[in-house]
Amino acid sequence: MDDYLELNRANWNARVPVHVGSAFYDVEGFKAGRSPLRRFELDEVGDVSGRRLAHLQCHIGLDTLSWARLGAEVTGLDFSEAAVEQARALAAECGIPARFVTADVYDAVEALGETYDIVYTGVGALVWLPDIARWAETVAALLRPGGFLYLAEFHPFSDVLDDESGTTVTHDYFERGPHVWDEPHTYTDGAALTHTRTMQFRHGLGEIVTALAAAGLRMEFLHEHDHTLFRRYGTLVAGDGGYRLPYGAPRLPLMFSLRASAGSAPPPAGDLPPASSAPTA
């Protein structure tokens, strides 16, 4: 546990040049105007024009800068100096106003020194954090009254099933870790990494929601989605919005999204999609 931060930082620093050159991130497409934000994220977050948005664990800043293109005043934070340098370079090249800060997510309050209307966290972020309660407290401290957290993540249930078919329970849902992995490649196309070991942590859905409630945030919605961003199991097929199980097969929750607000100020009228109309793609 003591070295998880430096172990993971070295791995993510090594991923940066691989990711920048990968088809998965398609940096050239982003420069040409492509947005990596998922459709359900855009629908659930709503209009960000004129709002101050902090993106925690922002990596090379593509999602952060996409929110800026939609009118938000953005700040991105990441513990990888190499990723932050790349994010700054992209912002400058594209002429997008943005602030990027290098810091561990648990130090975000002191490192950023500001509060925000929206705290955004994208997919694949929470597995790198050992203490989800401390993360929730950090988020709450960054929010202005009436502001909200928006989190889109891979569903923790999807991690307990086998990789081949997604039908057999193979891993313990309640085993939080740490889990040490040694993998020569990142999740994108590209060259092998120079730092291959990582330490990750599993957090259940109940644990995440309870941590946010304990930090004083009010849950507005929690939506579960039947699709994901990559072929998590060999049986998944590509379709509109991502990868899902074949038509007719029993569906599984593969991703989830939630919004939780600080204080008592209500969200702007029309800014919250009703649960019954939550998009599935």
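User: Which residue forms a salt bridge with Glu220?
Analyst: This is a predicted model, where local features need pLDDT of at least 70, side-chain atom pairs count only at pLDDT 80 or more, and totals for chains, interfaces and linings use all residues. Residues are numbered from 1 along each chain as its sequence is written, and side-chain values use heavy atoms, with hydrogens and water left out. A salt bridge here is a side-chain nitrogen of Lys or Arg within 4 Å of a carboxyl oxygen of Asp or Glu. With the closest N and O atoms 2.8 Å apart, the partner of Glu220 is Arg259.

User: Are Glu220 and Arg259 buried or exposed?
Analyst: Buried means under 20% relative accessible area, exposed over 50%, and partly exposed in between (1.4 Å probe, protein chains only). By that rule, both Glu220 and Arg259 are buried.

User: Arg232 and Asp163 meet in a salt bridge; what is the N to O distance?
Analyst: At 17% relative accessibility, Arg232 counts as buried. Asp163, at 44%, counts as partly exposed. Their side chains meet, N to O, at 2.7 Å.

User: How many salt bridges does the structure hold?
Analyst: The salt bridges in the structure number 17.
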